[in-house]
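Trainee: Could we go through this protein together, one question at a time?
Mentor: Gladly, let's bring it up on the screen.

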Amino acid sequence: MKALVLEAVNTAPVFKEVETPSPKAGEVLIKIEAAALNHRDIYISQGLYPNIKIPVIPGSDGAGTVIELGADVSAKWLNKPVIINPNNNWGQNPAVQDKKYHILGMPTNGTLCEYLCVKADRLVEKPEHLSFVQAAALPLAGLTAYRSLFTKAGLKKGERLLVSGIGGGVALMGFQMAMAIDAEVWVTSGANEKIDLAVSLGAVGGINYKTENWHKELEKKANGGFDVILDSAGGEGFQYFLDLANPAARIVFYGGTCGSFKVNPQKMFWKQLSMFGSTMGDDNDFCLMIEFINKYKIEPFVKETWALSEGAEAFKHMDEGQQFGKIVLLP
Ligand SMILES: NC(=O)c1ccc[n+]([C@@H]2O[C@H](COP(=O)([O-])OP(=O)(O)OC[C@H]3O[C@@H](n4cnc5c(N)ncnc54)[C@H](OP(=O)(O)O)[C@@H]3O)[C@@H](O)[C@H]2O)c1
């Protein structure tokens with residue numbers, strides 16, 4: 001089969017012929033119809049991820065059709081369109097993942113290929129309202145956004161939410177989920193066109209985080225603060241979320257693209273703020289996320305599809321941050 005293989009860090013992944021895997025007991029073989037990129041794949045290719053093991057086929061997000069069953073797998077899966085839960089070994093504690101936890105695509109081979117074997121308990125039927133391309137865009141971003149917004153921050157209808165860096169895959173999924181429950185959503189971005197796009201999709205407004213005193217401008221525009229703030233950037237700008245937070249607000253973050261941040265303790269305790277770090281989600285979160293997507297008929301926003309053979313270009317494009325939503329690769 002053909003696959004994108006990362007052969008060394010700080011090099012582009014190579015599109016090449018590799019051996020097609022065979023399902024072991026408890027596993028199925030999936031013909032991948034579509035696979036999506038996450039920033040994680042870029043970090044892995046740049047060596048910015050712990051316990052890197054190469055060569056590896058990256059990719060945590062995929063949707064496809066089950067074409068072969070290993071021993072002890074229910075016949076109901078054969079020929080089913082599925083999406084893959086990228087969690088492995090979360091463990092028993094819903095609050096935190098086990099030490100053995102790992103995400104599909106590192107250290108085990110992932111979805112950027114034509115055929116993939118996974119355990120049958122990682123399969124979820126593809127929601128009928130989604131194409132394979134849309135379904136591939138869902139797992140990692142959908143799970144991270146769902147746990148951050150609902151399991152952790154408890155976002156409710158009518159609350160004011162600020163989503164920072166709306167061009168990001170998780171950010172945009174969070175935005176779509178919040179819109180579905182009728183939260184009032186505001187956004188930030190480093191690109192004015194992305195703010196305009198978010199507004200055309202239902203955001204109330206936004207601000208470019210490269211503007212001087214962007215937080216003051218945003219507070220003026222929004223005529224007040226926010227009940228929940230969703231962020232993956234961290235860095236210098238994070239401290240201003242404490243100014244933008246309403247009393248008793250919840251700030252939730254799942255990434256640190258711009259590095260460490262400062263927190264003013266007086267602002268935190270006086271306003272009775274809560275801060276949550278969030279990573280992926282357990283299998284229960286994954287099921288709840290799929291239920292949510294089915295209930296509200298959410299269609300993940302896919303900006304671009306690329307051929308798997310163009311994967312190296314797609315990695316570069318994502319690294320440059322030009323995307324709005326997910327980049328999907330087609331084998
Ligand atoms: N903990 C977890 O489970 C988990 C899961 C998924 C991702 N992550 C992490 O979360 C981060 C985003 O991942 P992703 O896959 O969504 O990446 P992505 O699709 O590449 O999005 C990155 C986005 O970050 C935004 N950004 C950059 N600088 C910013 C700043 N100074 N302030 C606000 N936003 C800024 C940009 O938004 P604009 O384009 O709008 O400027 C960019 O589009 C990565 O660090 C990733 O490792 C963690």
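Trainee: How far apart do the C-alpha centres of domain 1 and domain 2 lie?
Mentor: Keep in mind that this is a predicted model, where local features need pLDDT of at least 70, side-chain atom pairs count only at pLDDT 80 or more, and totals for chains, interfaces and linings use all residues. Residues are numbered from 1 along each chain as its sequence is written. The protein is divided into domain 1 (2-138 + 300-330) and domain 2 (144-277), with bounds that come from an automatic or database domain assignment. Their C-alpha centres lie apart by 28 Å.

Trainee: How many residues of domain 2 are in contact with domain 1?
Mentor: Contact here asks for C-beta atoms, placed from the backbone, within 7 Å. On the domain 1 side, 8 residues take part, and on the domain 2 side the number is 7.

Trainee: Which residues of the shell are closest to the ligand?
Mentor: A residue is near a molecule if its C-beta atom, placed from the backbone, lies within 6 Å of it. The ligand is surrounded by 32 residues, and the shell draws at least three residues from each of domain 1 and domain 2. The closest are G165, G167, G168, S189 and G255.

Trainee: Which residues have the most contacts inside the largest nonpolar core?
Mentor: Such a core is a set of buried Ala, Val, Leu, Ile, Met, Phe, Trp, Tyr and Cys residues joined through C-beta atoms within 7 Å. Buried means 20 or more other C-beta atoms within 10 Å of a residue's own, exposed means 12 or fewer, and partly exposed is in between, with C-beta atoms placed from the backbone. The largest core has 94 residues, and those with the most contacts inside it are L161, F175 and I229.

Trainee: What does F175 touch, not counting residues up to four places away in sequence?
Mentor: F175 is one of the residues with the most contacts in that core. Its partners are V163, I166, V185, V187, A198 and A203.

Trainee: Why does G237 count as partly exposed?
Mentor: G237 is in the loop between β13 (226-231) and α7 (239-244); helices (H or I, at least four residues) and strands (E, at least two) are DSSP runs, numbered from the N terminus. Leaving aside neighbours within four places in sequence, G237 is in contact with Y209 and C258. G237 counts as partly exposed because its C-beta neighbours inside 10 Å number 18.

How values were computed
Two residues are in contact if their C-beta atoms, placed from the backbone, lie within 7 Å.
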